[in-house]
Amino acid sequence: MAVASESASPFYTGIFLKNSSTSGQIEAAAEDEGTITPYSLNIIHNTFTNGSASMILANYISDYLPYYIRGNTITSVSNIGILGMKICGTTRDNTINNLNIPLGIHLVNSSPNLYNNVIGAGDLSLHMIGYCSPNLGPSISGSQLVWTGGKNRLSSNRYDNIQLVTTSNINTDWGQNRFDLIDSAQSSYHIYGWIDTNVNTYNSRNNCWYPGGIAKIYLRKNYSTSPIPTVTDNTTINCSTEIDPNGWEVDSLGNGIHDSIMLSANNTVVLLQ
């Protein structure tokens, strides 16, 4: 579906979803009528143009609301590509590639999985306030890497790729994400901001850093502390190539929607030796 907002006004939004209901669950349509499944919303294969923001997903209940946001294209918007407040779930295969908009994805108290997204913006690719913990890397399950997050391409024209405005955390370890600071003359960072006080060393191994191949990460716990150590371990990995899968997991999202999650060999043990 193509969603075009009024270009003459900066206040229009492609999709505005506000949830203030406490009925955060729906019954599963199955033989077992007593089964309850998490309520979720699916935004799949749309094209958004013009307006102030393409998606505003505002959740005002205590629980995080899971969204499945896949295969959407945002071509022009004046302020924000996607704004998510208290959301989780999966955001994958989306394209926000406009180096004139200030914010690509803006998260407020949210923790989604981000996989295989192109997130380009004029100022900040991924901006976080409140406590956020998005996942941009695979999880390790024995001999397998489970690609719930990772393989994102983040580019920003003026400032940081990822900015943590208030104390948060973000998983990029082993993620094969491509970070790109277009104007390297600016005082900008690939990852910048305030990290969870429980984090003593920030690991962001197996990612690609442009320009120059050197990670620019500046994370502090509070104003009185120095930046925490970071471990990036530059490797010969090519973040522009596809992952070589050795299997798949199928995740049922409800409403007849299923997500295929890629599995690959766990090479982290070899890289750590």
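Analyst: Rings of Phe, Tyr and Trp (for Trp, the six-membered ring) pair if their centres lie within 6.5 Å; planes under 30 degrees apart count as stacked, over 60 as edge-to-face, and the rest as tilted. The model is predicted, so local features need pLDDT of at least 70 and side-chain atom pairs count only at pLDDT 80 or more, while totals for chains, interfaces and linings use all residues. Residues are numbered from 1 along each chain as its sequence is written, and side-chain values use heavy atoms, with hydrogens and water left out.

The structure holds five aromatic pairs. In one of them, the ring centres of phenylalanine 179 and tryptophan 209 are 4.5 Å apart and the planes are at 10 degrees, so this pair is stacked. Phenylalanine 179 belongs to strand S21 (residues 178-181) and tryptophan 209 to strand S24, 30 residues apart, so the pair links distant parts of the chain (strands are DSSP runs of E, at least two residues, numbered from the N terminus). Both phenylalanine 179 and tryptophan 209 are buried (under 20% relative accessible area with a 1.4 Å probe, protein chains only; exposed means over 50%, partly exposed in between).

Tyrosine 192 and tyrosine 218 are also stacked, because their ring centres lie 5.5 Å apart with planes at 15 degrees. This pair links strand S22, which holds tyrosine 192, to strand S25, which holds tyrosine 218, across 26 residues. Tyrosine 192 is partly exposed at 32% relative accessible area, and tyrosine 218 is partly exposed at 25%. Ring pairs join Tyr189, Tyr192 and Tyr218 into a cluster.

S22 and S25 sit in an open sheet of eight strands with parallel pairing, in the order S2-S7-S10-S13-S16-S20-S22-S25 (two strands pair if DSSP finds at least two bridges between them). S25 (217-220) is an edge strand, as is S2 (13-19), each pairing on one side only. S22 (residues 191-195) pairs with S20 (residues 162-168) over four parallel bridges; glycine 193 in S22 is the bridge partner of leucine 164.

Leaving out residues up to four places away in sequence, isoleucine 191 touches several residues (heavy atoms within 4.5 Å), among them Phe179, Trp209 and Tyr218. Ile191, with Leu126 and Ile162, touches the most other members of the largest nonpolar core, which has 36 residues (a core is a set of buried Ala, Val, Leu, Ile, Met, Phe, Trp, Tyr and Cys residues joined through side-chain atoms within 4.5 Å). Elements giving two or more residues to this core include S20, S22 and S25, but the largest share, three residues, comes from S8.

Cysteine 208 and cysteine 239 form a disulfide with sulfur atoms 2.2 Å apart (the cut-off is 2.5 Å). The disulfide is right-handed, because its S-S torsion is about 85 degrees. Cysteine 208 lies in S24 (residues 208-210) and cysteine 239 in the loop between S26 (230-231) and S27 (247-254), so the pair ties together parts 31 residues apart in sequence. Cysteine 208 counts as buried at 8% relative accessibility, and cysteine 239 counts as buried at 7%. One disulfide is found in the whole structure.
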